[in-house]
Amino acid sequence: MATDADAPLTMGAIAKEIQQMSNKFKSDDEDADAVSPYADLEKASVLQECRVFHDSKAVKDSPRNCCTIITKLLYIMSQGEPLSSTELIDVFFGVTKLFQSKDASLRRMVYLFIKEVAEACNPDDVIIVTSSLTKDMNSDTDLYRSNSIRVLARIVDAAMLGAIERYMKQAIVDKHPLVSSSALVSASHLFEASAENATIVRRWLNEVQTSIQHTAEMTQFHALSLLYQIKQHDRLAVSKLVTQLSKNGSLKSPLATVSLIRYTSKLMADEANDGELARAGYSFLEGSLHHRSEMVTFEAAKAICCLPGVEVQDLSPAVTVLQHFLGSSKSTTRFAAMRVLSKVAMVQPMAVVKCNENMELLISDSNRNIATLAITTLLKTGNESGVDRLMKQISSFMNDIADE
C-alpha cells in the first residue's frame with residue numbers, strides 16, 4: 001500500500017506544505033520574529049531518537065534523519081543543558097557507529113559532533129575513534145581527509161601525535177588546498193596545546209615552508225601564520241623569514257601579505273636601531289602601497305603611519321593612499337582611513353593637511369562616526385581662519401553628537 005510519503009507532489013500539495021511550515025514558525029503576532037524549530041526540544045525525547053544510530057538499516061535508509069538528530073543534540077548542548085556522563089557515553093558510542101555510513105553530509109556531522117564533545121568525554125573513550133579517523137586520513141575522499149585531521153587534532157596527545165606524524169606531514173604538502181589548510185590549522189592548534197606537541201610540530205618546518213609556495217591563497221596564509229608561530233621567539237629567524245618573503249614576492253595571497261606587513265612593522269619597531277632592516281622594511285611597505293588588493297594597500301599605509309619616529313616625507317605616500325580611501329563608496333573603508341589619519345594628526349598634523357579638503361566633505365557623511373573623526377582631525381590640522389569657518393559649518397552638527 002502506498003503511503004502519503006510515496007505519493008507524488010502536486011503544486012497544490014507543495015503550496016500547502018509551505019503554508020504549514022510558515023505557520024509553524026510564526027508566533028501569534030505576525031510581525032514577531034520567527035521561532036526556532038528547535039525551541040521546544042526535550043532532551044529525553046532527543047536521546048530516545050538517538051537509538052536509531054544502532055540500527056544499521058535505518059541509518060543506511062535515512063542518513064538525513066541522523067543528521068537532524070545530531071543537530072538537535074548539538075543545539076541542546078549549546079543551550080547550556082549538558083548531558084550526564086552516562087548519556088554522553090551512550091550517545092558518543094552511537095555516533096561512532098555512523099562511520100559505517102557512506103553519506104558525506106552525515107559523515108561531516110559525525111566529525112562535528114566528535115569535535116564538540118571531545119573535551120567532555122573520557123579520553124579513553126575518545127581514543128576508540130582514532131582508528132576510524134586515521135583510516136579517513138588515508139581516504140581517497142578529500143572531504144574525509146581534511147575533516148578527520150581537524151578532529152584528530154582535538155583528541156590526540158603527544159604520544160598519539162608521533163604515531164600520525166607521517167600522515168600530517170603528507171597532508172601539509174597535499175595539492176588539495178582543503179587538506180593542506182586543515183593540516184596547517186590543526187598543527188597551529190596542536191602547537192599551542194602543549195610543549196610536547198610544539199616540539200613535534202617544529203619537526204614539520206620543511207613541509208610548512210614548502211606549503212608557502214602552494215597555489216591556493218588560503219593555504220599560503222595558513223602556512224605563513226604557522227611558520228611565524230614556530231619562529232616568533234627567534235628574532236634572527238623571523239628577520240630572515242620577513243626579509244626573504246618581502247624580497248622574492250612569492251606571496252600571492254592578500255591575507256598572507258597583510259600578515260607579512262604586520263610581521264615586518266613589528267620587527268622594525270623591535271629592532272629600531274637596525275638601519276639596514278629599517279630601510280628594507282620601509283621599501284617593502286612602500287611597495288605594498290601599490291598592491292592590487294585594497295586591504296593590503298590599507299594595511300601598508302597604516303603600518304607606515306604607525307612606525308615610530310617616521311618623518312613627514314616618509315609619511316607622504318601612505319597619506320596619499322589614505323586620502324584616496326576617503327572617497328571610497330564603502331563606509332568601513334572611509335572610517336578606517338579617517339581613523340588612521342586622525343592618529344597621524346596627533347603627532348604629525350602637517351602631514352595630513354593635504355587631506356583637509358577631502359575631510360571637509362566627510363562632515364556631512366551619513367555615518368556620524370566618520371563625520372566626528374573628520375571634524376576632530378580638521379580641528380587639529382586647520383589654521384585659525386579655517387577653524388572659524390569650520391565651526392560655523394558644523395554648528396548644526398554639534399547638537400547631534402554626544403559630549404565625549
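Author: Lys266 forms a salt bridge with Asp270. Their closest N and O atoms are 3.1 Å apart in this predicted model. Both residues sit in helix H17, which covers residues 254-270. They are about one helical turn from each other, because they are 4 residues apart. An α-helix has 3.6 residues a turn, so residues three or four places apart point the same way. Lys266 is partly exposed, at 45% relative accessibility. Asp270 is partly exposed too, at 35%. Elsewhere, salt bridges with shared partners join Asp142, Arg145 and Asp174 into one network.

Now take helix H3, residues 56-61. Here Asp61 and Lys57 pair up through their side chains. The N to O distance is 3.0 Å. Which side of the cut-off do they fall on, buried or exposed? Asp61 has 54% relative accessibility, so it counts as exposed. Lys57 has 57%, so it counts as exposed as well.

The side chains of Glu49 and Lys72 meet in a salt bridge, 3.3 Å from N to O. Glu49 belongs to helix H2 (residues 43-49), and Lys72 to helix H4 (residues 63-78). The two are 23 residues apart, and the pair links distant parts of the chain. Glu49 is partly exposed, with 29% relative accessibility. Lys72 is buried, because its relative accessible area is 15% and the cut-off for buried is under 20%.

How many salt bridges does a search of the whole structure find? The number is 12. Side chains of opposite charge can pair when their charged atoms come close.

For contrast, turn to the nonpolar residues. The largest nonpolar core has 114 residues. Ile70 is among those with the most contacts inside that core, and so are Phe53 and Leu73. Leaving aside neighbours within four places in sequence, Ile70 is in contact with Phe53, Leu98, Leu106, Met109, Val110 and Phe113.

Leu106 also touches Ser101. Ser101 lies in the loop between helix H5 (85-96) and helix H6 (104-117). Beyond four places away in sequence, Ser101 touches Val59, Leu106 and Arg107.

Note on methods:
Residues numbered from 1 in each chain as written. Predicted model: local features only at pLDDT ≥ 70, side-chain atom pairs only at ≥ 80, totals over all residues. Heavy atoms only, no water. Contact = heavy atoms within 4.5 Å. Core = buried A, V, L, I, M, F, W, Y, C linked by side-chain atoms within 4.5 Å. Buried < 20%, exposed > 50% of the residue type's maximum accessible area, 1.4 Å probe, protein only. Salt bridge = Lys/Arg side-chain N within 4 Å of Asp/Glu carboxyl O.
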